[in-house]
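The sequence and the structure are shown first.

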Amino acid sequence: MKCTVNIIWDIETCRWYTETDNNLCLNLESGSFDALVERVRLAAPEMLELNCGYKGPIQITFKAIRIDEMDMVS
């Protein structure tokens with residue numbers, strides 16, 4: 001099974017959080033990008049089994065999104 005996990009930086013809370021497809025339904029967050037990736041890797045098999053009854057191999061694609069806003073002063 002293939003899943004895509006978007007990992008998004010929230011500048012207001014200084015946290016990374018996940019957005020996933022409907023099969024995975026992971027809502028996780030962390031202050032560290034690497035820690036969040038590891039949490040997804042551990043939680044994904046359990047969530048797929050609970051939500052879909054799936055117990056096979058999983059291919060996870062991570063997409064990182066970080067948007068910063070800056071005020072330009074001249």
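Which residue takes a positive phi just after H1? Gly53 does, with a phi of about 75 degrees.

The model is predicted: local features need pLDDT of at least 70 and side-chain atom pairs pLDDT 80 or more, while totals for chains, interfaces and linings use all residues. Numbering starts from 1 along each chain as its sequence is written, and side-chain values use heavy atoms, without hydrogens and water.

**Strands**

Helices (H or I, at least four residues) and strands (E, at least two) are DSSP runs numbered from the N terminus; strands pair if DSSP finds at least two bridges between them.

| Pair | Sense | Bridges | One facing pair |
|---|---|---|---|
| S1 (residues 2-10) and S4 (residues 59-66) | parallel | eight | Thr4 and Thr61 |
| S1 and S2 (residues 15-20) | antiparallel | six | Ile8 and Tyr17 |

Four residues lie between the strands in the hairpin of S1 and S2, where Cys14 has a positive phi near 55 degrees.

**Helix H1**

H1 (residues 33-52) has 20 residues and spans 27 Å from its first C-alpha to its last, close to the expected 28 Å; the expected span is 1.5 Å times one less than the number of residues. At Ala43 the helix bends by about 35 degrees, and Pro45 follows within four residues. The bend is the angle between axes fitted to the seven residues ending at a residue and the seven starting there.

Buried residues (under 20% relative accessible area, 1.4 Å probe, protein chains only) of H1 are Leu36, Val37, Val40, Ala43, Ala44 and Leu48. These buried residues pack against S1, S2, S3 (29-30) and S4, with contact meaning heavy atoms within 4.5 Å.

Technical notes
Buried means under 20% relative accessible area, exposed over 50%, partly exposed in between (1.4 Å probe, protein chains only).
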